[in-house]
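Have the sequence and the 3D view ready.

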Amino acid sequence: MHERNRTIDIARGIAMISIVLGHLSNSAINQVVFTYHLPIFFLISGYFFHDTDSNKLFIWKKAKQLLVPYYFTCILLILLSTLSAEPGFRKINLLNYIYASLYGAGDSYTKPFYIASIGAIWFLWATFWGELTLKMILK
């Protein structure tokens, strides 16, 4: 059995604490924390990345692992938000969340166009595309 790499565990712990701090909505903390907390997770993902599968098998595995939970959660979010909206706004709400699901935005944007936030699950969408890009670069 391999011994755990404590450096990786420490980096993961720093990233987790930083994400919690970032969600406190303190702008002074966020100016620092937002510069590194997600890059740490992407670096850790890259460290554990093993490229032994064919492209087709890799995409299939990552889609099952990341996109299935992403879209399942998006569908639940779309249904719940649409049903809870005022009757006159249900169609607008439905379209906004469908666009947000396809775009994968973690926050709402108004420029260059309006896109609603899909929430914290954007990370699954980004990780899928990040790992796919990494595989293509290493190929």
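Arg12 is partly exposed, at 26% relative accessibility. Partly exposed lies between buried (under 20% relative accessible area) and exposed (over 50%), using a 1.4 Å probe and protein chains only. The model is predicted: local features need pLDDT of at least 70, side-chain atom pairs count only at pLDDT 80 or more, and totals for chains, interfaces and linings use all residues. Residues are numbered from 1 along each chain as its sequence is written, and side-chain values use heavy atoms, leaving out hydrogens and water.

Arg12 forms a salt bridge with Asp9, at 3.9 Å from N to O. A salt bridge needs a side-chain nitrogen of Lys or Arg within 4 Å of a carboxyl oxygen of Asp or Glu. Asp9 is partly exposed too, at 27%.

## The other salt bridges

The structure holds three salt bridges. Asp53 pairs with Lys61, with the closest N and O atoms 3.0 Å apart. Asp53 has a relative accessible area of 21%; Lys61 has 43%.

Lys62 pairs with Glu131 at 2.7 Å between the closest N and O atoms. Lys62 is in helix H4 and Glu131 in helix H6, so the pair ties together parts 69 residues apart in sequence. Helices are DSSP runs (H or I, at least four residues), numbered from the N terminus. Both Lys62 and Glu131 are buried.

## Gly104

Gly104 sits in the loop between H5 and H6 (122–138). Gly104 is buried, at 10% relative accessible area.

Definitions and conventions:
Helices (H or I, at least four residues) and strands (E, at least two) are DSSP runs, numbered from the N terminus.
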